Amino acid sequence: MERFDVVALGELLIDFTENGISGQGNSIYEANPGGAPCNVLGMLAKAGRKTAFIGKVGQDIFGNRLKATLKEVGIDTSGLIMDETVRTTLAFVETLADGDRNFSFYRNPGADMMLKEEDLLVNLLENTKIFHFGTLSMTHEDVRQATKRAIQIAKESGAVISFDPNLRTPLWKTLDEAREQAAYGFSKCDILKISDNEIQWFTGEEDYDAGIRKLRSQYEIPLILLSMGKSGSCAYYKDLRIEAAPFLQENTIETTGAGDTFGGCCLHHVLKYGLNNMDEERLYRMLTFANGAASIITTRKGALRMMPELHEVEKLIADRMPMFQS
């Protein structure tokens, strides 16, 4: 079997995002393909990486559209299960005045949380350089066991393990349970992508560096990537702390998928250089490129089908930072 660059497991769903007001004064929602793990794969596919997804959708209108979308953007769907007994998960996304978001999920149950161990396509997990997952596939027992089994198979096969907690509070019975499953992810991953509010939530430290230090005192994670929204991003690797400025956009419309775009770009650079071969310059270039790509996605509705081309990111960076060479 041909080796994949990145295989991801998790949620594939429809993000209904606000897109104007009707003539009657009602909100209009656009059905955008989404789900954090697939957004990451979408960016990687744009970068020319060979990717595959493991998950479950309903055998319904939205499930069929999602499968077609993955094929359209170049993500292998052999690990995608179509379930006739449960509907595709839906998320309604409200964009706030500051560009942040509120989520309402229709997932009780939703197809993504019904993935079981026996659904896993083991060949994919045994033949990938990187395995990526989040906590939305750990909110319920069956899919949690499937996720843990997938991590085990990938790790035993030599894959680098990538984790993004992607905390969505409404989907957890309790935040204690969310914290417990995030801790499991921290204990297994080689690459952690975490947001500013997530590091504060998990460690109880307001200062990001203090939070990262606390996390590193508990878990041996070779590379930690901290996304800070309008403040840019940081990488923590060995004794290095590298920070890169954001590329702020005047025409930002929403931030959905920005963190996933950032994460996908970082995994692309890890594949390029190797996790054990990062240095200060490579980390800075990685963050700068990832920040640029994330800024572009904030100017577009949706994420999975709208990931930027590499040349778009390179042009943005060249325009803003003429001395920077990718």
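Trainee: Is Cys266 buried or exposed?

Mentor: This is a predicted model, and in it Cys266 is buried, with a relative accessible area of 1%.

Trainee: How many disulfides are there?

Mentor: A disulfide is a covalent bond between the sulfur atoms of two cysteines. To count one here, the two sulfur atoms must lie within 2.5 Å. By that rule the count is zero. Cys266 is in no disulfide, as the nearest cysteine sulfur, in Cys265, is 7.0 Å away.

Trainee: Which cysteine sulfur is closest to that of Cys189, and how far away is it?

Mentor: The closest one belongs to Cys266, at 14 Å, so the separation is too far for a bond. Cys189 is also buried, at 3% relative accessibility.

Trainee: Next, the backbone. Which peptide bond is cis?

Mentor: The bond from Asn108 to Pro109 is cis, and its omega is near 0 degrees. To place it, look at the loop between strand E7 (101-106) and helix H3 (122-126), where Pro109 is found.

Trainee: What is the phi of Asn166?

Mentor: Asn166 has a phi near 45 degrees, a positive value in a residue other than glycine. Asn166 sits in the loop between strand E9 (160-164) and helix H5 (175-188). With 11% relative accessibility, Asn166 counts as buried, because the cut-off for that label is under 20%.

Trainee: And what is the phi of Lys238?

Mentor: For Lys238 phi is about 55 degrees, again positive although the residue is not a glycine. Its loop runs between strand E12 (233-237) and strand E13 (240-244).

Trainee: Is Lys238 buried or exposed?

Mentor: Lys238 is exposed, its relative accessible area being 55%. The label applies because exposed means over 50%.

Trainee: Now a helix. How should I read the length of H9?

Mentor: For length, compare the span between the end C-alpha atoms with the span expected at 1.5 Å a residue. Helix H9 covers residues 280-297, which is 18 residues. From its first C-alpha to its last it reaches 26 Å, close to the expected 26 Å.

Trainee: How many residues of H9 are buried?

Mentor: Of the 18 residues in H9, 13 are buried, and the helix is mostly covered.

Trainee: Which side chain reaches the backbone at the start of H9?

Mentor: That of Asp279: one of its side-chain oxygens comes to within 3.2 Å of the backbone nitrogen of Glu281.

How values were computed. Residues are numbered from 1 along each chain as its sequence is written. This is a predicted model: local features need pLDDT of at least 70, side-chain atom pairs count only at pLDDT 80 or more; totals for chains, interfaces and linings use all residues. Side-chain values use heavy atoms; hydrogens and water are left out. Helices (H or I, at least four residues) and strands (E, at least two) are DSSP runs, numbered from the N terminus. Buried means under 20% relative accessible area, exposed over 50%, partly exposed in between (1.4 Å probe, protein chains only). The expected span of a helix is 1.5 Å times one less than its number of residues. A polar contact is a pair of N or O atoms within 3.5 Å; within protein, one must be able to donate a hydrogen and the other to accept it, and residues adjacent in sequence count only if both atoms are side-chain atoms.
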